[in-house]
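User: Hi! Could you walk me through the side-chain contacts in this one?

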Amino acid sequence: QVQLVESGGDLVQPGGSLRLSCAFSGSIFSIYQMGWYRQAPGKQRELVAVIGKGGSTNYADSVKGRFTISRDNAKNTVYLQMNSLKPEETAGYYCRNMDIDYWGKGNRVTVTS
């Protein structure tokens with residue numbers, strides 16, 4: 001059974017940093033494209049970053065230069081390093097297996113002073 005478990009969400013001040021983790025289990029992690037999404041209160045869920053099985057990456061324009069997606073296939077984990085966080089980036093952050101359309105339950109990030 002496939003599972004995705006996010007961690008690392010927290011309350012942080014504007015300009016601060018967080019690293020989210022998503023642990024994958026139940027299948028062969030290295031063959032999948034993985035993504036991070038976020039959903040702010042009252043807004044639609046949006047794609048933040050994607051990493052291919054070979055390590056290629058793509059980012060939403062709003063996070064380019066500040067966020068970095070990475071993966072560790074030995075640990076079956078995908079990460080999202082978030083720097084220079086803004087209050088409007090307060091949201092639930094979700095990990096997704098792009099190939100089999102499987103989602104984690106989300107992790108809350110709150111950016112406030």
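**Salt bridges and other contacts**

Analyst: Glu-89 and Arg-66 meet through their side chains in a salt bridge, 2.4 Å from N to O; the term covers a side-chain nitrogen of Lys or Arg within 4 Å of a carboxyl oxygen of Asp or Glu. A word on the source: this is a predicted model, where local features need pLDDT of at least 70 and side-chain atom pairs count only at pLDDT 80 or more, while totals for chains, interfaces and linings use all residues. Residues are numbered from 1 along each chain as its sequence is written, and side-chain values use heavy atoms, with hydrogens and water left out.

User: Which parts of the chain does the pair of Glu-89 and Arg-66 tie together?
Analyst: Glu-89 lies in the loop between β8 and β9, and Arg-66 in the loop between β6 (57-59) and β7, so the pair ties together parts that are 23 residues apart in sequence. Strands here are DSSP runs of E with at least two residues, numbered from the N terminus.

User: Are Glu-89 and Arg-66 buried or exposed?
Analyst: Both Glu-89 and Arg-66 are buried. The cut-offs are under 20% relative accessible area for buried, over 50% for exposed, and partly exposed in between, with a 1.4 Å probe and protein chains only.

User: How many salt bridges does a search of the whole structure find?
Analyst: The search finds five. Arg-66 and Glu-89 also belong to a network of salt bridges that links them with Arg-38 and Glu-46.

User: What about Lys-64 and Asp-61?
Analyst: Lys-64 forms a salt bridge with Asp-61, and their closest N and O atoms are 3.0 Å apart. Asp-61 counts as exposed because its relative accessibility is 64%.

User: And Arg-96 with Asp-101?
Analyst: Their side chains meet in a salt bridge too, at 3.0 Å from N to O. Arg-96 has 17% relative accessibility, so Arg-96 counts as buried, whereas Asp-101 is partly exposed at 44%.

User: Switching topic: how many disulfides does the structure hold?
Analyst: The structure holds one. This disulfide joins Cys-22 to Cys-95, with 2.1 Å from S to S; the cut-off is a pair of cysteine sulfur atoms within 2.5 Å. Cys-22 is in strand β3 and Cys-95 in strand β9, 73 residues apart, so the pair links distant parts of the chain.

User: Why is the disulfide of Cys-22 and Cys-95 called left-handed?
Analyst: Because the torsion about its S-S bond is about -80°. Cys-22 counts as buried at 0% relative accessibility, and Cys-95 counts as buried at 0% as well.

User: What's around Ser-21?
Analyst: Ser-21 has its place in strand β3 and counts as buried at 15% relative accessibility. Leaving out residues up to four places away in sequence, Ser-21 touches Val-5, Glu-6, Ser-7, Trp-36, Thr-77, Val-78 and Tyr-79. Contact here means heavy atoms within 4.5 Å.

User: Which residues touch the most other members of the largest nonpolar core?
Analyst: Met-34, Trp-36, Phe-67, Val-78, Leu-80, Met-82 and Tyr-93 do, out of 28 residues in that core. A nonpolar core is a set of buried Ala, Val, Leu, Ile, Met, Phe, Trp, Tyr and Cys residues joined through side-chain atoms within 4.5 Å. The elements giving two or more residues to this core include β3 (18-25), β4 (34-39) and β9 (91-97). β3 contributes the largest share, four residues.

User: And what does Met-82 touch?
Analyst: Not counting residues up to four places away in sequence, Met-82 touches residues including Leu-18, Leu-20, Arg-66, Phe-67 and Tyr-93.

User: How many aromatic pairs are there?
Analyst: The count comes to three, where rings of Phe, Tyr and Trp (its six-membered ring) pair if their centres lie within 6.5 Å, with planes under 30 degrees apart counted as stacked, over 60 as edge-to-face and the rest as tilted. Phe-24 and Phe-29 form a tilted pair, 5.5 Å centre to centre with 45° between the planes. Phe-24 is buried at 4% relative accessibility, and Phe-29 is buried at 1%. Together with Tyr-32, Phe-24 and Phe-29 form one aromatic cluster.

User: Last one: which ring does Arg-45 lie over at 3.7 Å?
Analyst: That is Tyr-94, with the 3.7 Å taken from the ring centre. The charged end of Arg-45 also sits over the ring of Trp-103, 4.7 Å from its centre. The rule asks for NZ of Lys or CZ of Arg within 6 Å of the ring centre and within 35 degrees of the ring normal.
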